[in-house]
Amino acid sequence: DLWLDDPAPLVEDVYLTIDTPLQHVAELELALTIRTFEAAAGSIVVMDPQTGELLAMASYPAFDPNNPSDASPAHRRFRAITDRFEPGSTITPMTIASALSGGVLRPSEQSDCMNGRWTVVEGERPITDTHHYGLLTPAEILAHSSNIGSAQIGMRLGRQGLYRSFRRFGFGQPTGIPLPGEVSGTFRHHSRWYERDIASNGFGQGLSVTALPLAAAMATIANGGRLMRPTLVRRIEDGRGNVLEETQPEVRRQVVPAHTARLVSDMLTAVTSDEGTGAEAAIDGYLVAGKTGTAQMASPTRAGYDNARWLSSVIGF
């Protein structure tokens, strides 16, 4: 009788923010890209910058959830929230936005990129660029992905300024997404930095992130400087269609002023121009803002970096 009177008393429907066609495309393109460039693994995150809703999240190699025992444990983890990596130059939009909003950098100001080689601390390994650049504006530093230019801008912020800015963008802390296994990136307190760390953190070396907070940080630039909390569950309903729980967009904080975010967005379109490192991401009829990054991976057998292992990433909108 209870069942007849209440046909679905315990059923709950969970509605995700995932866009199914977009998720399908993301999985196909991620797999194709990894096979094309013979990479070991990868992940992709697609987010609505205005709401924080996650529209697609994919990890490769993947596995069949119906038969998890057929895949190795390494393939069963969700890399977008479990795998830390050094972001490299993909973090420089946040460095430049922080310097502009902090008043230590002007949009037209040039930095001397030292013809591709700059020694920060005497006797230590120099910071290098792949090309020999001289004076570059912030937009040109982004377009050419100059490590030296980004490092110099980071040093203008100083030890405490750079640390606080990156923390405001969400680095070094988990997003709180309701999925098991999320880890926070590695971002040491500024009191434990060496002199070179101020420079190297400015271009994304010496700290680590996962793909999700990196996407959220770039979405902050796209969203007028507002950092949104990433959401995966849109709402939960009971068997009668009553809404039990509904997630509303949540602004965590205003990281940089809206005019600074717009300025950096305009600068990032130079990255996808013919002169930029992300020219292949250009789309006819659209302005595409983006940033590429290539970071050496830590050596598994000795201290320091491995000259034969690299991690490539790209973010944009």
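# Reading a fold, feature by feature

User: In which strand does leucine 311 lie?

Analyst: Leucine 311 lies in strand E13, residues 305–316. Helices (H or I, at least four residues) and strands (E, at least two) are DSSP runs, numbered from the N terminus. The model is predicted, so local features need pLDDT of at least 70 and side-chain atom pairs pLDDT 80 or more, while totals for chains, interfaces and linings use all residues. Residues are numbered from 1 along each chain as its sequence is written, and side-chain values use heavy atoms, without hydrogens or water.

User: What separates the C-alpha atoms of leucine 311 and glycine 293?

Analyst: Along the chain, leucine 311 and glycine 293 are 18 residues apart.

User: Where is the place of glycine 116, and is glycine 116 buried or exposed?

Analyst: Find the loop between strand E4 (111–112) and strand E5 (117–118); glycine 116 is there. Glycine 116 has a relative accessible area of 6%, so it is buried. Now look at glycine 149. Glycine 116 and glycine 149 are 33 residues apart in sequence. From C-alpha to C-alpha, glycine 116 and glycine 149 are 9.6 Å apart.

User: Next, helices. Which residues of helix H10 are buried?

Analyst: Start with the general idea. An α-helix has 3.6 residues a turn, so residues three or four places apart point the same way. Now the case here. In helix H10 (residues 258–268), the buried residues are Thr260, Ala261, Val264, Ser265, Met267 and Leu268. These residues sit on the same side of H10, because they cover an arc of only 160° around the axis. The arc is taken from the directions that run from the helix axis to the C-beta atoms.

User: Which exposed residues does the face of H10 turned away from its buried side carry?

Analyst: That face carries the exposed residues His259, Arg262 and Asp266.

User: How many residues of helix H5 are buried?

Analyst: In helix H5 (residues 92–101), 9 of the 10 residues are buried, and the helix is mostly covered. The buried ones are Thr92, Pro93, Met94, Thr95, Ile96, Ala97, Ser98, Ala99 and Leu100. Follow the chain out of the helix. Just after H5, glycine 103 takes a positive phi of about 80°.

User: Which residue has a positive phi although it is not a glycine?

Analyst: Most residues other than glycine have a negative phi, and most peptide bonds are trans. Glutamate 38 has a positive phi of about 55°, yet it is not a glycine. Glutamate 38 lies in the loop between H2 and strand E2 (42–47). With 75% relative accessibility, glutamate 38 counts as exposed. Serine 145 also has a positive phi of about 55° and is not a glycine. Look for serine 145 in the loop between helix H6 (138–144) and H7. At 18% relative accessibility, serine 145 counts as buried.

User: Which residues does a cis peptide bond join?

Analyst: A cis bond joins tyrosine 60 and proline 61, with omega about 0°. Proline 61 lies in the loop between E3 and H3.

User: Last, rings. How many aromatic pairs does the structure hold?

Analyst: A pair of aromatic rings is described by the distance of the centres and the angle of the planes. Rings of Phe, Tyr and Trp (its six-membered ring) pair if their centres lie within 6.5 Å; planes under 30 degrees apart are stacked, over 60 edge-to-face, the rest tilted. The structure holds 5 aromatic pairs. One of them joins tyrosine 163 and tryptophan 193: it is edge-to-face, 6.3 Å centre to centre, with 70° between the planes.

User: Which distant parts of the chain does the pair link?

Analyst: Tyrosine 163 is in helix H7 (residues 147–168), and tryptophan 193 is in the loop between H7 and helix H8 (195–202). The two residues are 30 residues apart. Both tyrosine 163 and tryptophan 193 are buried.

User: What pair does phenylalanine 166 form with phenylalanine 171?

Analyst: Phenylalanine 166 and phenylalanine 171 form an edge-to-face pair, 5.7 Å centre to centre, with 80° between the planes. Phenylalanine 166 and phenylalanine 171 are both buried.

User: Which residues form one aromatic cluster?

Analyst: Tyr163, Phe166, Phe171, Phe187 and Trp193 form one aromatic cluster.

Conventions: Buried < 20%, exposed > 50% of the residue type's maximum accessible area, 1.4 Å probe, protein only.
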